[in-house]
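Here are my notes on the model, point by point. Please read them with the structure open.

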Amino acid sequence: MKIRLVALAVLGLGASAVHAQEVVKLGVAAPLTGTQAHLGKDIENGVRLAIEEYNAKGVTLGGKKIKFDVQAEDDQADPKTATTVAQRLADSGVKGVVGHLNSGASIPASRIYNEAGLPQVSPASTNPKLTQQNFKATFRTIANDVQQGLAIGKYAATKLGKKVALIDDRTAYGQGLADEVEKAVKANGGSLTGREFTSDKATDFLAILTRIKAQNPDVIVYSGMDTQAGPMLKQIKQLGINAKFITGDGGCTGEVIKLAGDAISGNAYCTQPGLPLEKMPGGKNFNERFKKRFNADVQIYAPYSYDAASAIIEAMKAANSADPAKYAGSIGKVNFPGVIGTVAFDAKGDIKDGAVTVYQFKAGKWEALQ
Amino acid sequence: METLLQQTVNGLVVGSVYALVALGYTMVYGILGLINFAHGDILMIGALVALEAIRLLQLHAPDLGLIPTLLAGLSISVVVCMILGYTIERTAYRRLRNAPRLAPLITAIGVSFLLQTIAMIIWGRNYHTFPQLVSTTPIEPIAGVFITPVQIVILVVSAVLMVALVLLVNRTRLGRAMRATAENHKVASLMGVDTNKIIAATFIIGSALAAVAGVMFSSNYGIAHYAMGFMPGLKAFTAAVLGGIGNLGGAMLGGLLLGLVESIGAGYIEDLSFGFLNSSYQDIFAFIILGIVLIFRPTGLLGERVADRA
């Protein structure tokens with residue numbers, strides 16, 4: 001505290017401010033270079049917009065007027081760099097971190113933030129493991145793969161048909177997602193005609209599809225990646241199976257459309273965690289503010305990082321302190337209307353009622369439904 | 001019943017591709033005693049070269065028609081693979097012909113990695129869409145069984161090639177020389193057989209078959225990428241061992257059988273094991289069969305005809 005006051009005195013340059021102002025830095029960690037740089041910048045800009053708006057409104061903590069600032073670090077979407085960056089943020093005295101983008105970066109970094117007692121809110125990482133490590137202050141504002149599995153199962157059983165056949169690729173992602181789908185199908189009055197398995201290297205699915213055909217399901221759920229989903233759609237058509245097809249975010253790509261060729265139709269669905277911007281409660285307004293400030297379009301994650309930064313600041317306000325040790329406990333209790341909807345976390349740190357969007361194949365591309 | 005028939009057709013189609021590739025393994029093994037692990041990657045190169053050739057043809061000669069384009073692409077890829085097979089034999093294996101068995105084996109694995117890496121540099125890591133020149137839309141189902149024109153082509157082409165190869169080996173001078181070399185290449189060379197030429201010919205023929213198999217594989221599934229040769233290569237090797245490596249008839253039988261076992265295994269394993277096993281054991285199922293066969297018939301189903309070779 002003493003050091004900070006000294007630093008402030010120096011920083012303040014004896015500006016004889018009418019009221020003493022304290023600078024509170026929030027860290028942002030995301031890939032700011034490389035192929036995902038546009039997404040990382042999106043996250044950084046979301047946080048910037050949030051703190052600038054809070055600064056404009058004015059926040060007072062413990063009697064002091066607070067000026068928020070951002071320290072952005074580039075994790076290069078790389079797990080090793082992510083841990084270096086996390087340590088740098090922890091050492092430089094930021095009060096909270098919004099990041100990272102990739103689950104592979106978020107998970108190793110979360111350990112360092114946890115040890116440093118620094119709250120972390122990820123706007124983009126969906127792997128369930130992130131919030132299952134029993135860390136007190138690890139949160140995310142985007143739906144995780146468990147929530148996605150529930151959404152797929154519910155949509156399949158209630159909208160596409162009662163009899164569901166489930167295929168997964170036996171990877172951590174595919175199997176985890178499929179387990180959640182199975183639970184959700186049963187919870188929503190559907191029944192599983194069978195569960196089949198393949199691998200993330202397979203190209204021939206005729207044997208399992210023939211078996212599925214004999215069970216005559218209304219819908220086939222594939223939990224795996226696009227490189228399998230594409231050829232699978234082709235073979236579904238080859239065998240004359242009329243069932244609908246739905247897959248998770250691993251198959252919700254342009255690659256599937258390319259690989260499936262003429263075998264993909266309006267019978268194909270997929271899901272992605274998160275909402276498209278225009279469907280978010282505060283989306284339209286946010287988009288205008290964002291465009292005005294950065295002269296750029298929202299990619300995907302800016303609303304999530306905006307709400308992540310807001311959650312941290314709201315928690316600081318509730319605890320009346322920017323000290324991580326004091327406000328960390330309040331993040332789990334925040335409940336405010338954000339851009340993406342109501343921002344509130346469950347006991348693990350996942351966003352409550354995380355949104356998952358269902359897409360349907362229409363006119364050559366995936367189109368958002370609901 | 002329909003399901004069983006459908007699984008049989010599925011199995012026969014996959015099995016014929018395995019059989020074609022297995023022939024390459026078995027011919028080389030029969031003559032050299034070498035397991036050419038790079039063989040699966042020749043299949044991959046065959047598919048990717050054909051893909052590239054077809055793309056170029058479609059760009060520069062769009063009026064050629066579907067079947068001529070495919071045949072031209074196939075011919076180019078067969079020729080490229082023949083040259084590749086010869087080059088690999090000449091540069092990587094010939095020098096090691098009298099070396100201990102492990103040396104060429106490790107070299108073969110090295111060549112496999114080399115081919116994959118080269119393909120990765122040229123064509124990248126992405127999956128490519130293979131042009132659908134023969135339709136994959138099923139024809140009118142026969143007795144409830146769906147079969148596509150591509151699958152029919154695969155069955156017919158494989159059968160024709162297998163018969164042609166058997167005729168080549170059993171009825172021609174080249175075939176006789178190959179059999180002589182397989183039996184004892186020192187004695188064969190004393191009898192005036194140019195064994196180097198014969199061995200080169202074996203690699204060339206095997207590579208041509210692999211190229212055809214690669215093009216058929218990619219046409220069927222509509223995809224091609226740099227690592228696609230690994231699984232069919234491994235399965236074909238298994239098929240060759242199952243049938244009795246070194247034995248042509250064994251490779252064909254092994255290939256078809258493996259295809260059938262996989263397909264029917266994946267389709268019925270859950271019912272047969274009362275829910276204890278499921279289709280995640282699809283690949284393992286084939287290897288269980290292999291294990292059982294090898295316990296009772298260590299030289300494979302039809303046995304190795306050249307087993308007593310020194």
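1. A residue is buried if 20 or more other C-beta atoms lie within 10 Å of its own, and exposed if 12 or fewer do. This cut-off is used throughout. The model is predicted.

2. Start with strand 7 of chain A, residues 163-168. Of its 6 residues, 5 are buried, so the strand is largely enclosed by the rest of the structure. From strand 7 of chain A the chain passes through helix 6 of chain A (residues 172-187) and on to strand 8 of chain A. This β-α-β crossover is right-handed.

3. Which strands does strand 7 of chain A pair with? One is strand 8 of chain A (residues 191-197), parallel, over 6 bridges. There, A165(A) has G194(A) as its bridge partner in strand 8 of chain A. Another is strand 9 of chain A (residues 219-223), also parallel, joined to strand 7 of chain A by 5 bridges. Here the bridge partner of L166(A) is V221(A).

4. Next, the open sheet of chain A. It has 6 strands in the order 2-3-1-4-5-6, and the pairing is mixed. Strand 2 (59-61) and strand 6 (138-140) of chain A are the edge strands, each pairing on one side only. Ignoring direction, neighbouring strands of this sheet are turned by 35 degrees against each other on average.

5. V59(A) has I66(A) as its bridge partner in strand 3 of chain A.

6. The peptide bond from G99(A) to H100(A) is cis, with omega near -5 degrees. H100(A) sits in the loop between strand 4 (97-99) and helix 4 (103-115) of chain A. The other two details are positive phi values. A77(A), not a glycine, has phi near 55 degrees. N295(A), not a glycine either, has a positive phi of about 55 degrees.

7. Are A77(A) and N295(A) buried or exposed? A77(A) has 22 C-beta neighbours inside 10 Å, so it counts as buried. N295(A) has 7 inside that distance, so it counts as exposed. A77(A) lies in the loop between strand 3 and helix 3 (79-91) of chain A. N295(A) lies in the loop between helix 10 (283-294) and helix 11 (302-319) of chain A.

8. How many residues does each chain give to the contact between chains A and B? Chain B gives 25 residues and chain A gives 21 residues. On the chain B side, helix 1 (2-32) and helix 10 (248-272) of chain B each supply at least two residues. Helix 1 of chain B gives the largest share, 5 residues. The chain B side divides into 9 nonpolar, 15 polar and 1 charged.

9. Last, G214(B), in helix 8 of chain B (residues 195-221). It is buried, because 33 other C-beta atoms lie within 10 Å. Apart from neighbours within four places in sequence, G214(B) is in contact with L43(B), M44(B), G46(B) and A47(B). P232(B) is 18 residues from G214(B) in sequence and 9.3 Å away, C-alpha to C-alpha.

Technical notes
Residues numbered from 1 in each chain as written. Chains lettered and ligands numbered in written order. Predicted model: local features only at pLDDT ≥ 70, side-chain atom pairs only at ≥ 80, totals over all residues. Helix = DSSP H or I, 4+ residues; strand = E, 2+ residues; numbered from the N terminus. Pairing = 2+ DSSP bridges. Right-handed = clockwise from strand over helix to strand, strands pointing away. Contact = placed C-beta atoms within 7 Å. Nonpolar A, V, L, I, M, F, W, Y, C, P; charged D, E, K, R; others polar. Axes fitted to C-alpha atoms, helices over the stretch in contact; angles between N-to-C directions.
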